[in-house]
Amino acid sequence: MSEQISTEIVIIGGGIGGLAAAYALAQIGKSVCVLEQAPEFAEIGAGIQLGPNSYKMFQRLGIVDDVNAISAFPDDLRMRDSITGEFIAQIPAAEDFRKRFGFPYAVIHRADLHKTFLNKCLASANVDLRVNSKMTGITETETGVRVTTEAGLVIDADALIGADGIWSKTRELIANDGPPRVSGHIAYRAVLPTEDVPEELRTNSMCLWAGEKAHLVQYPLRGGELYNLVAVFHSDRFSEGWNDFGDPEELKLRFADKCPEVRTLLDKIENWRMWVLNDRDPIREWVKGPMALLGDAAHPMLQYLAQGANMAIEDAVCLADMLVNENGNYEAAFLRYRDARYLRTTRVQMTARLYGEVYHASGATRDMRNAEISSWPIEKHYLGMSWIYDISPTWRDDGSVEAIGENIATAAQ
């Protein structure tokens, strides 16, 4: 049985980016309908890292306390050689880091951050959340867009935001640039109870074990109850999509030459989830009339800078700010949003590829990496992070930095 509704903005995709955008837009008085094709709003995956740039967005959205309550805060950021075990870098991430960047470095379970945004959207009268709503068609109309779903729902909206991930169907309509790029790297992800981690490896650190054509990342989650493990390696086994079961034998083969600490951690996991890592070449074509892309739909990136979710959250706040600036003129606001964001996200996309090469260096390149990075003072490490973390917290024309919700009445006029 078909149903027809109207809303100001329809968002395709109910992941972190889609819900962050819905909440930011609701706070400026916009009515939003979020379409999620799955039977429930949920996130696949385990841990993600949150930098000060995300915390500036959380402050704008008024959710810093909510995020802090479910995050863990590493004492330092470590890089070690996964073959020899030697320390390459150990960067303070507590008091000195907060003093330099104004906000913390946090790690959080992806599902917990997603639930935070979901709960905010559920509590908002401006957000209509729809599950089992696979988008089947988008057409421009004289007044905006019309979206149809597999279940027969028809939505007339003033504007549309595609937040449907790296395999975005919305992107096909806006950019039409083909499938994502296969990187040749595979990630195996798992979560381990802390009591199963050897005591000598239970550090309150975000630790990256760099190795030849492979690396391992470990860090605590949920206040230290769990440890997130991500093993990444080069492989010629490709499949479209995410969340397949991993092959423990392939993992052991790829990490056979690594140090005992790394092999011990990997041996603790029996069931792994596998992700084939993809990205896309950067583009400017995020916008078409009253339609715009956001997050991985606009700028999918490899994980090596840990900035995918951070960039999507920045997108959400920027988009809301631009709509305030343009008094609800969607086409003008979307173009300003694109112009404000694409060079920054392009830099993150390209730098993430470069970092993958650094983490997986071999031979003389690996030796040079270890010698060079280990010689850096802490200030140089912080300087290298500053282009990501020192972002301005607002895109408002008036330069205001208050929470987005402070201007609801003004924005809705």
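Predicted model: local features only at pLDDT ≥ 70, side-chain atom pairs only at ≥ 80, totals over all residues.
**Notebook: salt bridges, a hairpin pair and a pocket**

I started with lysine 380 and glutamate 372, whose side chains meet in a salt bridge at 3.9 Å, N to O. Buried or exposed, or in between, for lysine 380? Its relative accessible area is 39%, so I put lysine 380 down as partly exposed. Glutamate 372 comes out at 35%, and that makes it partly exposed too. While on this topic I also noted a network: Asp81, Glu212, Arg366 and Arg369 are joined by salt bridges that share partners.

How many salt bridges does the structure hold? I got 28. I picked out the one between glutamate 314 and arginine 341, where the closest N and O atoms are 2.7 Å apart. This pair ties together distant parts of the chain, with glutamate 314 in helix 9 (residues 308–325) and arginine 341 in helix 10 (residues 330–359), 27 residues apart. Both glutamate 314 and arginine 341 are buried.

Next I looked at glutamate 326 and arginine 336, a salt bridge with 3.0 Å between the closest N and O atoms. Here glutamate 326 sits in the loop between helix 9 and helix 10, while arginine 336 is in helix 10, 10 residues apart. Glutamate 326 has a relative accessible area of 22%; buried means under 20%, so I count glutamate 326 as partly exposed. Arginine 336, at 28%, is partly exposed as well.

**Strand 14 and its neighbours**

I then turned to strand 14 (residues 214–221), and found 8 of its 8 residues buried. Which way does strand 13 (residues 205–211) run against strand 14? They are antiparallel, joined by 5 bridges.

Leucine 216 has alanine 231 in strand 15 as its bridge partner. That hairpin has 4 residues between the strands, and arginine 222 takes a positive phi near 50 degrees.

**Second largest pocket**

Last, I checked the second largest pocket, which has about 250 Å³ of space. It is lined by 17 residues, and Ala46, Arg189, Ala190, Val191 and Arg273 are the closest to its centre. Which strand gives the largest share of the lining? Strand 12 does, with 5 residues. Strand 12 (181–193) and strand 17 (273–279) each supply at least two lining residues. By class I noted 9 nonpolar, 4 polar and 4 charged residues in this lining.

Technical notes
Residues numbered from 1 in each chain as written. Heavy atoms only, no water. 1 Å grid on protein atoms, 1.4 Å probe; cavity = no way out; pocket = protein on both sides within 12 Å on 5 of 7 lines; lining within 4 Å. Points joined across faces, edges and corners; volume = space filled by probe spheres on them. Nonpolar A, V, L, I, M, F, W, Y, C, P; charged D, E, K, R; others polar. Buried < 20%, exposed > 50% of the residue type's maximum accessible area, 1.4 Å probe, protein only. Pairing = 2+ DSSP bridges. Salt bridge = Lys/Arg side-chain N within 4 Å of Asp/Glu carboxyl O.
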